Amino acid sequence: MHVQDSHWSSASTVATGAAMSAPAGDGRTGGARTTPLRVDAQRNLEHVLRAAREVFGELGYGAPMEDVARRARVGVGTVYRRFPSKDVLVRRIAEEETSRLTDQARAALGQEDEPWSALSRFLRTSVASGAGRLLPPQVLRVGVAEEHGLPDHARVPQQRAQPAAGELRLVSEEPAAAAPEDDAGAAQLLDVVGQLVERARAAGELRPDVSVSDVLLVIATAAPSLPDAAQQAAASARLLDILLEGLRSRPA
């Protein structure tokens, strides 16, 4: 996954808050309160977020805001009123995806007694949700750098920049500065996935050389974007079956 035109600046978090709510005076106390979005504004926001997930999932985080606006069937000005810059929108989508993956990992960890079942459940639910197409780049970079001692410009998966490009490949990428909350979200995900990996490895069901980074790369690789939903689901399931077989340990 390759983020283009995105600096992941810490200021974008403040901008997100400003975009999502507006202060209004309270007649009784004189203090500030949050004014809920109007029904139509809330609907537009949901359309923009849904469209952003689809567009970024198909084209990568380098896709222009105009594509998001067209998919949401709103004017680009409406998108910018909610998200003052592309960085803010990218951060919002990436944060939500990190949180969703962490929840899926925790559910697998808490609800599956068998280590391999827990790991495979996490992978299947994550791939089925299309999470691999929206994995935040700092999650993959942190995982690779921590486990293999690679420099900050560690390789990360790059999504296809154009619809016709097709494949997922590894490229070198300059480090993007992440805000503290991005690091915290990434750390939580890596910690929970790490527990899944350690349990499966300790049970002798996971190859000893498989790392957290490898598991996240499986999620990224097994989530192709195809024009037909049925073909996409079938391709993802087939590819994941093959990758899971590659992760399992084999008797000597």
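Analyst: Contact, or touching, means heavy atoms within 4.5 Å. This is a predicted model: local features need pLDDT of at least 70, side-chain atom pairs count only at pLDDT 80 or more, and totals for chains, interfaces and linings use all residues. Residues are numbered from 1 along each chain as its sequence is written, and side-chain values use heavy atoms, leaving out hydrogens and water.

User: Which residues touch the most other members of the largest nonpolar core?

Analyst: A nonpolar core is a set of buried Ala, Val, Leu, Ile, Met, Phe, Trp, Tyr and Cys residues joined through side-chain atoms within 4.5 Å. Buried means under 20% relative accessible area, exposed over 50%, partly exposed in between (1.4 Å probe, protein chains only). The largest such core has 31 residues. Its members with the most partners inside the core are Phe 122 and Leu 123.

User: Which element gives the most to this core?

Analyst: Helices are DSSP runs (H or I, at least four residues), numbered from the N terminus. Two or more core residues come from each of H5, H6 (115–128), H8 (180–202), H9 (212–221) and H10. The top contribution is seven residues, and it comes from H8.

User: How many residues does the second, separate core have?

Analyst: Look for a core apart from the largest one. Among its members are Leu 45, Leu 49, Ala 63 and Phe 83. Its residue count is 23.

User: Is Val 218 buried or exposed?

Analyst: Val 218 sits in helix H9. Its relative accessible area is 7%. Because of that value, Val 218 is buried.

User: What distance separates the C-alpha atoms of Val 218 and Leu 243?

Analyst: Leave aside neighbours of Val 218 within four places in sequence, and its contacts are Leu 123, Leu 240, Leu 243 and Leu 247. Along the chain, Val 218 and Leu 243 are 25 residues apart. Their C-alpha atoms are separated by 6.9 Å.

User: Which residue other than glycine has a positive phi near 60°?

Analyst: Look in the loop between helix H3 (65–72) and helix H4 (76–82). The phi near 60° belongs to Arg 73.
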